[in-house]
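Come along and look things up with me, entry by entry.

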2 protein chains.
Amino acid sequence: MTRRELFEQIKKKQSYLCVGLDTDPAKIPEHLLKEEDPVFAFNKQIIDATKEYAVAYKPNTAFYEARGAQGWESLRKTLEYIPNDIFTIADAKRGDIGNTSALYARAFFEQMDFDSVTVAPYMGEDSVKPFLTFEGKWVILLAATSNPGSFDFQHLELGEAKRPLYEEVLRKSQEWGSEEQLMFVVGATRADLISKIRHAAPNSFFLVPGVGAQGGSLEEVSKYGMNDHCGLLVNSSRGIIYAGEGEDFAEKAHDAARVLQEEMKKYLGLYL
Amino acid sequence: MTRRELFEQIKKKQSYLCVGLDTDPAKIPEHLLKEEDPVFAFNKQIIDATKEYAVAYKPNTAFYEARGAQGWESLRKTLEYIPNDIFTIADAKRGDIGNTSALYARAFFEQMDFDSVTVAPYMGEDSVKPFLTFEGKWVILLAATSNPGSFDFQHLELGEAKRPLYEEVLRKSQEWGSEEQLMFVVGATRADLISKIRHAAPNSFFLVPGVGAQGGSLEEVSKYGMNDHCGLLVNSSRGIIYAGEGEDFAEKAHDAARVLQEEMKKYLGLYL
């Protein structure tokens, strides 16, 4: 999917909502456990219930890998079930030496057909570039994450310029790929940070994981993070997929997604 | 496996060789392609041929993931086939927010039964700690890798102390886990670097991936990297598993592993 197509979807749905499909078998409503593949059955209903509001779906691969080959199969079926005009993100946080990263790229872009994959920057250019060679596919590079440990290394200041590591990642990686193929993971916990990061990468899309269960204000993210292509995909996982616990979980997910979409519609009017 | 048990194996076999099971279906000898699972059939013969010299096996998960659920199954069977007294490393380079890292840990330590998994440090403490809660299991944290991109971020100098990022990773992570549960990935390309890193983590085991196809001298690594528990696992992948291309590939792998083991035996005598 191109940047223009993604932006078209955002305008059409008046939403920049990404739904995180972090499906934990232990949290699936009981009535689905008799299904052949309860995880897929759950995801299917979540997708049906939220697709009018979501412009992206993001399964975190850990939730599937934890179930081995069987989980991998649930992931494949889930991906196939997502409508083609919705952006798909394999939240895999991969990264290895060049020829090995190329294999991961094949796993997510060819073996499966994700639009994008999240990649860790620690190993540098040759670990990221193989993901950038696929036409129409995207890398979403970890820049500033929203977890407590993000302060251990990402915010340390480098050299005489005292530039934090996450900013060096933003700066250097934009030489490797354009805003048509490279997005960034940007934690949503602080307005001043979002503002600084938007300055360092004015044209890029940001995947913002920190709204909802991880804390972070949608208003501040939108106010300080939006650019002229919207430039934001704001993720909610638990707040949507576990909004309900019973047989009406999909309805509850639908309602939770609509609440976020209505707020997003307002900010698109105000800040785009 | 404990540090003491690993050291016992090293002394018994007079070897600190790790064999990288980076099995590429395109490079498997033709006569194995008729097998039901050619990757497993290949690995089985490699393991049989090298187990007298290897103290560790390290499958890089990318090679298995690239084949989806089927590849995951080959990985599981390979792991089960490795003798129990040989240390096993899932070279997965994972790392995510706390509760998600916990799922990856379960995938590699419970769903499968690896002794260790390689982890990326960029997301900090809560991304690493969940892997450290399993009795007898190890984290092998990326510190200084040997690929060209390692210079993009790992060697940048931080703050007034001008300490490189990889050293900050070594320093900080040793507060999270002891040398009985935490090893480091240390690229083997420069003697002065190995020496500096050994100084920063005197008691830890280092997984050294850069000998053989990736360049790097076994003698220098051994001379500057060895400690009183040996403290080294030196990996060779392509140099062993693709030493031959025909029906005698396992024999060729055996010979290549023996050449390395004989050199290691010499260094154990000189430097331990």
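**Entry: two helices in chain A**

I began with helix α9 (residues 191–200) of chain A and helix α10 (residues 218–225) of chain A, which pack at an angle of about 25° with their axes 8 Å apart. Before going on, I noted that this is a predicted model. How do the two helices lie to each other? Angles under 35 degrees count as roughly parallel, so α9(A) and α10(A) are roughly parallel to each other. I also looked up the hand of the crossing of α9(A) and α10(A), and it is right-handed.

Next I listed who makes the contact. From α9(A) I wrote down A191(A), I194(A), S195(A) and R198(A), and from α10(A) I wrote down E220(A), V221(A), Y224(A) and G225(A). Sorted by class, the residues of the contact of α9(A) with α10(A) are 4 nonpolar, 2 polar and 2 charged.

**Entry: the barrel of chain A**

I followed the strands of chain A and found a closed barrel of 8 strands, in the order β1-β2-β3-β4-β5-β8-β9-β10, with parallel pairing. On average, neighbouring strands of this sheet are turned by 30° against each other, direction ignored.

I picked one pair to check in detail. Strand β8 (residues 182–186) of chain A pairs with strand β9 (residues 206–208) of chain A in the parallel sense, over 2 bridges. Which residue of β9(A) is the bridge partner of F184(A)? I found F206(A) there.

**Entry: the barrel of chain B**

I then turned to chain B, where a closed barrel of 8 strands runs β1-β2-β3-β4-β5-β8-β9-β10 with parallel pairing. Here neighbouring strands are turned by 30° against each other on average, direction ignored.

Opposite F184(B) in β8(B) I found L141(B).

Which helices pack on this sheet? One of them is helix α8 (residues 165–173) of chain B, which touches β5 and β8 of chain B, and its direction makes about 155° with that of β5(B). I also noted helix α12 (residues 249–271) of chain B, which packs on the sheet and touches β1 (17–20), β2 (54–58) and β10 (232–236) of chain B. The direction of α12(B) makes about 155° with that of β1(B).

**Entry: a helix pair in chain B**

I stayed with α12(B) and looked at helix α2 (residues 38–50) of chain B. Their axes come within 8 Å and cross at roughly 40°. That makes α2(B) oblique to α12(B). The crossing in which α2(B) passes α12(B) is right-handed.

On the α2(B) side of the contact I listed Q45(B), I46(B), D48(B), A49(B) and T50(B). On the α12(B) side I listed A250(B), E251(B), A253(B), H254(B) and A257(B). By class, this contact of α2(B) with α12(B) has 5 nonpolar, 3 polar and 2 charged residues.

**Entry: how the two chains are related**

I asked what rotation superposes chain A on chain B. It is a rotation of 180° with 0.0 Å of shift along its axis, and the RMSD is 0.0 Å. The two copies are thus related as by a two-fold rotation axis.

**Entry: where the two chains meet**

How many residues does the contact take from each chain? I read off 48 residues from chain A and 48 residues from chain B. Several elements of chain A each supply at least two residues of the side that touches chain B, among them α3 (62–65), α4 (68–81), α6 (125–128) and β6 (157–158). The largest share of that side, 7 residues, comes from α5(A). Its residues divide into 21 nonpolar, 14 polar and 13 charged. I also noted that 100% of the interface residues of chain A are interface residues in chain B too, so the copies meet through the same surface.

My last stop was α4(A) and helix α4 (residues 68–81) of chain B, whose axes come within 8 Å and cross at roughly 170°. The two helices are therefore roughly antiparallel to each other. In α4(A) the contact is made by G68(A), A69(A), W72(A), E73(A) and R76(A), and in α4(B) by G68(B), A69(B), W72(B), E73(B) and R76(B). I sorted the residues of this contact into 4 nonpolar, 2 polar and 4 charged.

Technical notes. Residues numbered from 1 in each chain as written. Chains lettered and ligands numbered in written order. Predicted model: local features only at pLDDT ≥ 70, side-chain atom pairs only at ≥ 80, totals over all residues. Least-squares fit on C-alpha atoms with pLDDT ≥ 70 in both. Contact = placed C-beta atoms within 7 Å. Axes fitted to C-alpha atoms, helices over the stretch in contact; angles between N-to-C directions. Helix = DSSP H or I, 4+ residues; strand = E, 2+ residues; numbered from the N terminus. Parallel < 35°, antiparallel > 145°, perpendicular 65-115°, else oblique. Left-handed = near helix turned anticlockwise from the far one by under 90°. Nonpolar A, V, L, I, M, F, W, Y, C, P; charged D, E, K, R; others polar. Pairing = 2+ DSSP bridges.
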